[in-house]
Amino acid sequence: MDKKEILKEFSSDPDKYYKVKLFQEQGFVRKSCTKCGRFFWTLNADRDLCPDDGLDTYSFIGEPPTSKRFDYTQSWKQVEEFFVKNNHTSVSRYPVVCRWRDDLYFTIASIVDFQRIMGSKVVFEFPANPLVVPQTCLRFKDLENVGVTGRHFSSFCMIGQHSVPDNNGYWKDECVDLDYRLLTDQFGIKKDEVVFVEDVWAGGGSFGPSLEYFVRGLELGNAVFTEFQGELGQHTTLDQRVIDMGAGLERFAWITMGTPTAYDCCFGPINEKLFNTIGIDSDSEILRKYFTEIAKEIDHFDDLNQVRRLAVKNAGITDEQMQKMITPLEGMYLIADHLRTLIFAITDGALPSNVGGGYNLRMMLRRINATISKLNLKLNIDDLIDLHVDYLKDTYPELDEKRDDVKSILKLESARYEESKVHMKKKADKIKEKGTPSVDELITYYESDGITPEYLKEVDAISEIPSSFYSKLSDLHQSDKKKAIAELPLEGLPETETLFYQNDPMSFDAKVLKVIDDMVVLDRTSFYARGGGQEPDHGSIAGFNVIDVDKHANIIVHKLEGGIPTEGEIVSCKVDETRRSNITKNHTSTHILNASSRKVLGSWIWQHSAFKEDDHARLDITHHSSLSDDEVKKIEEAANKMVQQNLNVNIDYYDRGTAEQTYGFRIYQGGVVPVKAVRIVSIEDQDVEACGGTHVKKTGDIELIKITKTKRIQDGVVRLEFVSGPNAFEYEKQQEEESKRKIEEARQKEQLEKQREENKAKAREKIPALLEKILSGENVEPDGINTKGKVCFTSSSDYDDYFHQNFGKKLVGKDSAAAFCGIFESGPTIRVMVYAGEQSGVNAGEIAKEIASILGGSGGGDAKFAQGGGKDTSKKDEAIAKAKSMILG
C-alpha cells in the first residue's frame, strides 16, 4: 500500500482519524508545515514549522527542557512506574532472537513480541492488556550511522505500550493522554514543548493512523492505531484493533540529560572507562555544536560522509579537532553500542557466523576489533562486558547469568579475526593497486574474505566507507525460510482424526474419503505424517503398502504402492510397529542429545534442525567450533545418564501464550508452532520443547544412545549423527567387532614388521657374502636378487634402504661393469635406488626418473647414482616390472 495515499486520505478528515480529547481539552491547534506540508498539532499557535524543520530542532542539546535528569536505566524506571500506576502490566522483554516468527531472525519492534503467524495471517497474542515492555530491538540497516550521528543504535530499547480496546483496554483518547502525561507529569517536560505529528503505518495487510510525538525536534515515540485491513477505499475494520505505541528509551534519557549525543547517557560507566582510555579532550561546546549539526542534517542527505563534512564546516571543527576528538569519540561510541548488542544477542542464543542473522553479529565484532586496532587502544573486552552487564542487570537480570558465555564466544571470535589478518593484509595490498572499489566489490571482499571496510580504511586501502555498504549487506542476509507446499484437490474434506495423538492403535479400520492417483485420504489414521524432521510411518492400507504420509493443513494424505482402495470403502490399516518404535526412540533421543549438548557445551546450544529415520538420525546444533572427541564422549555420557535415570516423558497441551510465559522461548527448538494449542513435551526438569512428534513414555525405553559421527556442516552449526535403541546396540556390536579386527590387524602387522626387521638385519650381515657371490658369477636368486652378469635387481621386502645404499655403492666400487637397482617400501612411499658403474652401460638417472614417474612422484641424480619414488602404491607391480626390464634388458 502507498503510505502517501493513506496519509492524504486520513489527513483530509482529521476529526475522524487524528483528533483526540486531549487536543480539545488542552487547546492544541492543527497546523501545516510551511516547508514540507506535514500536519501537526501544537499549543503554540505561532508555530509554522514541523519538528523536523523547526528552528528549535535538537536545541535540547546543552539545554534540556526539564529540570529532571534520568539516564538510561533510570528512565525505564520512570516509564515503568508511570504505566504500572496507570493500570498497565509490566512485562519482561522478549528475546532478541525472534524464534516465534519464521520470517525474522531478530526482534525489530516491541509489537513483534506479540505477533504470531496463523496460516497466512498475523494474529496478536498479549499476555496482559494493557501492558508495557522494555523490548530490546536489533536493526542493522543503519550500522554506518552508529557512533556518528549521536542517535543511531544497532540495538535499542523500544518502550512498547500496547492495548486492545475491545478487551478491557483503551483506544486513541486514553493512549494520547497517557503519553502526554508521561512526558509532562513524569518527566517534567513543559506542555508547550510537546508536538504531535500526523502519520500512518501500514504492514502485513493492515494499517492505521499514527501520532508521532516530538520535543524540540526529537521524536520520542509513535502511537500507531492499527485499525484497518485490505486496500484503501475498500478497507474494513479489523476484528482486533491494536494500539502499538513504540517509544525510544534512549531518547527519553537524552531529552532529560541534554548531552551532545544519546550515547553519552545510555551506556553508563562504560563511557567513563572509554573516555579515560582514549584520553579525549571532551570540550562540550565543540561537541554540542558538531553533533547538533549532524542531528539536524542527517535526514536531509543520503550520503553520511556528506553530512559529516557539512557538520565540520558549520561547527567550525578544525582538522586537528576532528582527528583528536571526533574520530576517537565515534570509535568509542561504536565499541560501546556494538558490544551491548552482542551481549543481548549471545545471551539470547545467537552466535556470530557467516550465515543468516549471525552474519550481522560477526560483522559488528569485526568492526569493534578494527576500531580498537585503528585507534591503537589497550582495551580488555571482558572488562567492558562486565561494565555493560553490571549497569544493565537490574533491568535485564538474564544478562548477568550469561556474562561468562558472552565472554567465551567473543574471545573465540576475536582470535579468529586476528588469525585472518595476515591474509587480509595481502588482499588489502592488492585492493590498493586496483584503485577505489565499488560498494558491490566491498561486499564481495567481506563475503568471500571477511574483510571489513573499517580494516581497509585502517590500512589506507580506501579513504571513506560508503554510506550504503551496511544497508546493502544487511539486505543480502534477510531470512527467507518459506517453502512451497504441493497443492492437492482436498477442498471440502474434513480434517483427519489423528489417532497417533490419542490411544495410537497400530491396527485400525478407517473409511477412505478420497482417492487421488496413488494417494488416499482416510477419516482417521494412526500413520504419523512427515513433520518436524520426523519421517513418516510405513505399513499397509487394505493390503497395499504405505510408502509415504504427508500432512496438508489438517488433512493427512497416504501414498500407496501395489494398488489403491476405492472411495467409501472401510479398510483395515496396519502401522509398521518396529519402524515406528525405532523412529520414536530416535525422536526422544534428539531431545535428550540437545539438552545434553547444552549442558556440556554452553547456553548457546539450540536445535538448528533434526532428522529422525528408522535406522539413523541426526541433530544439528548451534555451536561455534567442531567437537573434540572428549566433548562428544561427554555429550554421549550425559545423554545415556538421562536414559538410565528412566525419566518421565510428559506430553501436555497449553495455550500458546501460557506455554511461552511458563517455559520461555526455549520451547521453540524445532521452529515456529503455527497453532494456538501448543503440544509441550517435557523430560521432567531436563528438557522442555514444543513438539508434534511421537515419543517414548520413559527415557529408559530408549535403552542406549550412540553418537556415530560429528562434523561442522556450516559456520556456527555442528551435526551429531546418532542411533538409539536396537540400532545403538547393533552399532556398539559392530564397533566392538571392528575394534577387535583392528587390534588383530595391528598385531599381525606388528608381527610381520618384526619379522621383516629381523630379515633386514640378517640381510645387512649378508652383504659381504652376496658381493662375493655376484662378482664371482654365482647364482643369488634364492636371496631375492636377479642378476645378468654383474648387473643386479631386487624388490625383496627383506632389504631396506640401509642395505640398498651399502650394497649398491660397494658393488659398483668393486667393479665398474656392475650396476644395481633396488625397489623398496619406506613408510607410505615406494622408493627406487640405482647405482651404475662406468662400464655397466646403465644410466641410473634415466631409470630412477622413469620409475618415479610411474609411481606418481619424481626422481633425481646422475648417470652413476640416482633415486626417487612416489606414493601411488597401486602402480608398484608396474614399477617393478619396468625397472627390471630397464636394468636387466
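**Close-up views of a predicted model**

Both Tyr-799 and Phe-803 are buried, that is, under 20% relative accessible area with a 1.4 Å probe and protein chains only. The model is predicted, so that local features need pLDDT of at least 70 and side-chain atom pairs count only at pLDDT 80 or more, while totals for chains, interfaces and linings use all residues. Residues are numbered from 1 along each chain as its sequence is written, and side-chain values use heavy atoms, with hydrogens and water left out.

**View 1. Aromatic pairs, with Tyr-799 and Phe-803 as one of them.** The structure holds 41 aromatic pairs, counted where ring centres of Phe, Tyr or Trp (its six-membered ring) lie within 6.5 Å. Tyr-799 and Phe-803 count as stacked because their ring centres are 4.0 Å apart and their planes meet at 10°, stacked being planes under 30 degrees apart.

**View 2. A cluster of linked rings.** Ring pairs join Tyr-94, Trp-100, Phe-114, Phe-124, Phe-126, Phe-665 and Tyr-668 into this cluster.

**View 3. Arginine charges over aromatic rings.** Arg-30 lies over the face of Phe-39, at 3.8 Å from the ring centre, and the charged end of Arg-99 sits over the ring of Trp-606, 3.3 Å from its centre. For such a contact, NZ of Lys or CZ of Arg must be within 6 Å of the ring centre and within 35 degrees of the ring normal.

Notes: Rings of Phe, Tyr and Trp (its six-membered ring) pair if their centres lie within 6.5 Å; planes under 30 degrees apart count as stacked, over 60 as edge-to-face and the rest as tilted. Buried means under 20% relative accessible area, exposed over 50%, partly exposed in between (1.4 Å probe, protein chains only).
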